[in-house]
Amino acid sequence: MNKAFVKESEGDDDDLEFGLPAIPPGTKNYMTPEGYQRMKDELLRLIDVDRPEVVRIVSWAASNGDRSENGDYIYGKRRLREIDRRIRFLTKRLDLAEVVDPSVHHGRDQVFFGATVSYQNHAGEEHTVTIVGIDELDPLHGKISWISPVARALTKAHEGESVTLMTPAGIDELEILAVSYPAPQS
């Protein structure tokens with residue numbers, strides 16, 4: 001197919017491609033130091049290791065002649081576009097990052113960004129979640145985004161208090177059982 005008929009995306013939809021929510025307009029991209037370091041490490045690995053390796057493979061495949069049926073070339077070029085898209089995404093997210101160290105709240109019983117909160121819902125089920133940045137969320141491991149409805153309901157409440165959470169099933173009352181933060185690094 002002629003390249004004149006193929007439109008490469010401008011990268012504005014990178015957030016959607018990686019399944020992460022967009023950063024709400026007018027807000028900062030809050031991240032924990034650990035989350036920031038993980039993203040930075042991934043970016044450096046892509047730039048210093050993965051991309052040069054794929055470029056080497058594509059270059060070798062291109063030197064073999066006919067590119068139209070050359071699987072190494074075709075899939076290498078596709079992988080290179082995926083790597084470049086991920087590099088753009090990580091670069092944008094890291095540029096917008098506002099690193100917040102939750103250990104500054106160590107010993108407090110009020111919920112802020114970075115808190116690990118144990119709560120009980122109206123049905124008596126106990127849950128433990130850690131409030132993290134959009135790029136760090138991992139619901140299967142109890143890490144929820146600070147923009148999630150649960151995190152927004154819990155934020156600024158104190159241990160022992162009850163908060164109201166609007167859910168699709170109706171209103172739920174959450175009782176905060178415990179609030180903890182990581183200890184400061186020395």
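Mentor: What follows goes through the ring pairs and then turns to the strands and loops.

The model is predicted. Two aromatic pairs are counted in it. In one of them, the ring centres of tyrosine 30 and phenylalanine 113 are 6.1 Å apart; their planes stand at 50 degrees, so this pair is tilted. The two residues come from distant parts of the chain, 83 residues apart: tyrosine 30 belongs to strand 1 (residues 29-31), and phenylalanine 113 sits in the loop between strand 2 (97-99) and strand 3. Phenylalanine 113 is buried, because its relative accessibility is 12% and the cut-off for buried is under 20%. Tyrosine 30 has a relative accessible area of 27% and is therefore partly exposed.

Tyrosine 30 also pairs with tryptophan 146. Their ring centres are 5.2 Å apart and the planes are at 80 degrees, so the pair is edge-to-face. Tryptophan 146 lies in the loop between strand 5 and helix 4, while tyrosine 30 is in strand 1, so this pair ties together parts of the chain that are 116 residues apart in sequence. With a relative accessibility of 16%, tryptophan 146 counts as buried. Taken together, the ring pairs link Tyr30, Phe113 and Trp146 into a cluster.

Now to the strands. Strand 3 covers residues 116-120 and strand 4 covers residues 126-132; the two run antiparallel and are joined by five bridges. Glutamine 120 has glutamate 126 of strand 4 opposite it. The two strands form a hairpin, with five residues between them. In the turn, glycine 124 has a positive phi of about 90 degrees. Strand 4 also pairs with strand 5 (residues 143-145), here in the parallel sense and over three bridges. In this pairing, threonine 130 is opposite lysine 143 of strand 5.

One more residue has a backbone angle worth a look. Most residues other than glycine have a negative phi. Lysine 156 is not a glycine, yet its phi is positive, at about 80 degrees. This lysine 156 is in the loop between helix 4 (149-154) and strand 6 (162-167). Lysine 156 counts as exposed, because its relative accessibility is 58% and the cut-off for exposed is over 50%.

How values were computed
Residues numbered from 1 in each chain as written. Predicted model: local features only at pLDDT ≥ 70, side-chain atom pairs only at ≥ 80, totals over all residues. Heavy atoms only, no water. Pairing = 2+ DSSP bridges. Helix = DSSP H or I, 4+ residues; strand = E, 2+ residues; numbered from the N terminus. Buried < 20%, exposed > 50% of the residue type's maximum accessible area, 1.4 Å probe, protein only. Phe/Tyr/Trp six-rings, centres within 6.5 Å; stacked < 30°, edge-to-face > 60°.
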